[in-house]
Amino acid sequence: MPNRFDNKGEGDQNVAQGKGAVGKQENVGQEVDGDGSIFSGTGNVTVHQGIPPEVFAQQVAKYAEELGETKQIIEGFLGILLEQEIPPDQWKAKLREIAATHKELLARLATVQSEDPEVQRMKQEAKQAIETGEYDKAEELLNQAEALDLKAIEEMEKTTRQRRISAATTNVEQAKLQRVQLRYAKAAEYWQKAAALLPTGEKKDRSLYLHNAAFDLKRISRYSEALPLYEQSPSIDQEIGDRAGEGTTLNNIGNIYRAWGEYDKALSYLEQSLAIRQEIGDRVGEGTTLNNISQIYDARGDYDTALKYLEQSLAIHQEIGDQAGEGATLNNIGQVYKARGDYATALKYLEQSLSIRQEIGDQTGEGATLNNIGQIYDAKGDYGKALEYLEQSLIISREIGDRLGEGTTLNNIGQIYDTQGDSATALKYLHQSLSISREISDRAGEAEIIWNIGITYKDHGKLTKAETYMSRAVQLMDEIGHPDLQNDRKALEKLRAEIKGR
C-alpha cells in the first residue's frame with residue numbers, strides 16, 4: 001500500500017488574495033513565518049516572487065544550515081513552496097516534510113532493487129538529478145526505468161502463461177496415463193491439478209478439466225466428490241457461452257442425483273440438459289439425455305414411460321447413424337423388459353445390442369451386454385447358460401483392462417454360485433471382486449460387494465460373520481451416501497435381532 005501523509009485535523013485551505021497574500025505582496029508591512037522570521041517589504045527593491053532577494057537569500061542560508069542541505073537544494077525547495085503558493089507561516093513545517101522525503105528518496109535510489117543494468121543506470125542518473133534539483137529530468141528518467149520494467153514484466157507474464165499451460169497439459173497427460181491403468185481416483189487428482197495451473201483466461205479448458213475430474217470420480221461412484229466439480233462447470237460454460245458444455249454438465253449432474261435416488265432433482269437437471277441440447281441441435285447429446293431420463297422412470301418402476309424415452313432416443317441414434325448410442329439404447333430397452341419379467345423380449349433387444357457392439361468393436365459395451373444377457377439366464381434359473389455369458393464378459397474385461405467391468409462380472413458370477421449353494425466358490429469370486437473395487441477406489445462397489453459377502457454368509461447360517469460384513473457395508477454406505485443405505489440398515493437390524501434371539 002502506498003505511503004500517505006496524515007492530515008491531522010487540517011482541511012482544505014483557501015489562500016487569501018488580498019494584501020499580504022503570497023505572490024501578491026504589494027506594500028510594506030510584516031509577515032511572520034512559523035518560526036518568527038520576518039519578511040520585510042523594501043519599497044521599490046526587486047523581489048523574488050514577492051520576496052526581496054536579500055531576504056530570500058537569508059532564508060535559504062538559514063534553512064540550509066538547519067536542515068543540513070545545500071543552498072541549491074533549499075532554493076529548489078523554496079521554489080516549490082512559492083510555486084504551490086504555500087503561506088510563509090507553513091514554510092518551516094513544509095520544508096522539513098520535503099527534506100525528509102527528499103532524503104528518503106535519495107536513500108532508496110542509492111539501493112536500487114533491480115537486476116537490470118539499464119534500470120540501475122537510469123535510477124542512478126535520476127538520483128544525481130534529484131541531488132541537483134533537476135526534478136523534471138529525474139521524473140523522465142524514472143518513467144523510462146518503469147517502461148523497461150513493464151516491458152520485462154509483460155515478457156515474463158507471457159513466458160509464465162506459456163509455462164502454466166504447459167504444466168497443465170502435462171497433468172492432462174498424467175490423468176490419461178492413469179485412465180489407461182483404470183486408476184480413476186488418481187486421474188481425477190491430475191485433472192484438478194491441470195485446472196488449477198491454467199492461467200485465469202483459460203476458462204473453457206478449466207471447465208473441461210474439472211468436468212473430466214468429476215467424470216472419473218463418478219465412474220468409481222465417488223459422487224459426493226464429483227458433484228462439486230461438476231457444479232463449477234455450468235457457471236463457466238454460461239460465462240463463455242459454451243451451451244454444449246453446459247448441456248453435458250447438467251446431464252452428468254442429473255446422473256449423480258439419479259445414482260443417489262433423488263429422482264426429482266435428477267429429472268430437473270436432465271430436463272434442463274435436454275432443452276439445451278434440443279435448442280442447439282446436439283442430436284447425439286439429445287439421444288443420450290433421453291436415454292438417461294428413461295433410467296429415472298425405470299428406477300421408479302414406470303416402465304411404460306421409460307420405454308417412451310428410450311424409443312425416442314433409439315430413433316435419434318438410428319437417424320444420425322450413431323451405432324454406439326444405438327447399441328447402448330437397445331441394451332437399456334432390454335433391461336427394462338428384464339425388469340418387467342419379459343425375458344424373451346429382453347433377450348431380443350440385448351442380442352441386437354450385442355450384435356452392434358461387436359460389429360463396431362465396442363468391447364466395453366460388448367462386455368456389459370454379455371453380462372446383462374447372463375443376468376437374464378440367471379433370472380430364468382439357467383445357471384449354466386448364465387455362467388457361459390458371464391465368463392465371456394469376464395474374458396473381454398480382462399483383455400481390455402476394464403477393471404470396473406471385471407469387478408462387476410466377478411461379483412455376478414459369485415452370486416450365481418451362492419444361489420447354487422456353493423458358498424466357497426461364491427466367496428472366492430466375491431473377494432476377487434472386492435479386491436478390484438478397493439484397487440480402483442470404487443467405494444460404492446466396495447460397499448455392495450461387502451454386503452453380498454455378508455449375505456452369502458447369512459444364506460449359509462453363519463450369522464455372526466454375516467453381521468460383521470453387513471455392518472461394515474452399512475458403515476461405508478453411510479459415509480458415501482449410498483441410495484441403498486436405509487433398506488440395508490433395516491436388513492442389518494433384522495439380522496442383529498435374529499442373532500440376539502438365538
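User: Leaving aside neighbours within four places in sequence, which residues is Gly374 in contact with?
Analyst: The model is predicted. Gly374 is found in helix α15 and counts as buried, at 0% relative accessibility. With neighbours within four places in sequence left aside, the contacts of Gly374 are Ala386, Tyr389 and Leu390.

User: What separates the C-alpha atoms of Gly374 and Tyr389?
Analyst: Tyr389 is one of the residues in contact with Gly374. The two are 15 residues apart along the chain, and their C-alpha atoms are separated by 4.9 Å.

User: How many helices and strands are there in the protein chain?
Analyst: Of the 502 residues of the chain, 43% count as buried. Among contacts between residues at least 6 apart in sequence, 50% join residues at least 24 apart. The secondary structure of the protein chain comes to 21 helices and two strands.

User: Is α14 roughly parallel or roughly antiparallel to α15?
Analyst: The axes of helix α14 (residues 343-359) and α15 come within 9 Å and cross at roughly 160°. Angles over 145 degrees fall in one class, and therefore α14 is roughly antiparallel to α15.

User: Which handedness does the crossing of α14 and α15 have, left-handed or right-handed?
Analyst: The α14 side of the contact includes Tyr343, Leu347, Leu350 and Leu354, and the α15 side includes Ala368, Leu370, Ile373 and Tyr377. The residues of this contact divide into eleven nonpolar, five polar and four charged. The crossing of α14 and α15 is left-handed.

User: How do the residues of the contact of α2 with α3 divide into nonpolar, polar and charged?
Analyst: The crossing of α2 past α3 is right-handed. On α2 the contact is made by Ile73, Phe77, Leu78, Ile80, Leu81 and Leu82, and on α3 by Trp91, Lys94, Leu95, Ile98, Ala99 and His102. The division is ten nonpolar, one polar and one charged.

User: What is phi of Glu85 near?
Analyst: Glu85 sits in the loop between α2 and α3 and counts as partly exposed, at 39% relative accessibility. Most residues other than glycine have a negative phi. Glu85, a residue other than glycine, has a positive phi, near 55°.

User: Why is α17 largely enclosed by the rest of the structure?
Analyst: Helix α17 (residues 403-419) reaches 24 Å from its first C-alpha to its last, close to the 24 Å expected at 1.5 Å a residue. Its buried residues include Gly405, Thr409, Leu410, Ile413, Ile416 and Tyr417. The helix is largely enclosed because the buried residues number twelve of the 17 in α17.

User: Which helices do the buried residues of α17 pack against?
Analyst: Among the buried residues of α17 are Glu406, Asn411, Asn412 and Asp418. The helices that the buried residues pack against are α15 (363-380), α16 (383-400), α18 (423-439) and α19 (443-459).

User: Which residue with a positive phi follows α17?
Analyst: Helix α17 covers residues 403-419. The residue that follows α17 has a phi near 90° and is Gly421.

User: Is Asn291 buried or exposed?
Analyst: Asn291 lies in helix α11 (residues 283-299). Leaving aside neighbours within four places in sequence, its contacts are Leu310, Ser313, Ala328, Thr329 and Asn332. The cut-off for buried is under 20% relative accessible area, so at 7% Asn291 is buried.

User: What separates the C-alpha atoms of Thr329 and Ser294?
Analyst: Thr329 is placed in helix α13 (residues 323-339) and counts as buried, at 0% relative accessibility. Leaving aside neighbours within four places in sequence, Thr329 is in contact with Asn291, Leu310, Ser313, Leu314 and His317. Thr329 and Ser294 are 35 residues apart along the chain, and the separation of their C-alpha atoms is 9.9 Å.

Terms used
Residues numbered from 1 in each chain as written. Predicted model: local features only at pLDDT ≥ 70, side-chain atom pairs only at ≥ 80, totals over all residues. Heavy atoms only, no water. Helix = DSSP H or I, 4+ residues; strand = E, 2+ residues; numbered from the N terminus. Expected span 1.5 Å × (residues − 1). Buried < 20%, exposed > 50% of the residue type's maximum accessible area, 1.4 Å probe, protein only. Contact = heavy atoms within 4.5 Å. Left-handed = near helix turned anticlockwise from the far one by under 90°. Nonpolar A, V, L, I, M, F, W, Y, C, P; charged D, E, K, R; others polar. Axes fitted to C-alpha atoms, helices over the stretch in contact; angles between N-to-C directions. Parallel < 35°, antiparallel > 145°, perpendicular 65-115°, else oblique.
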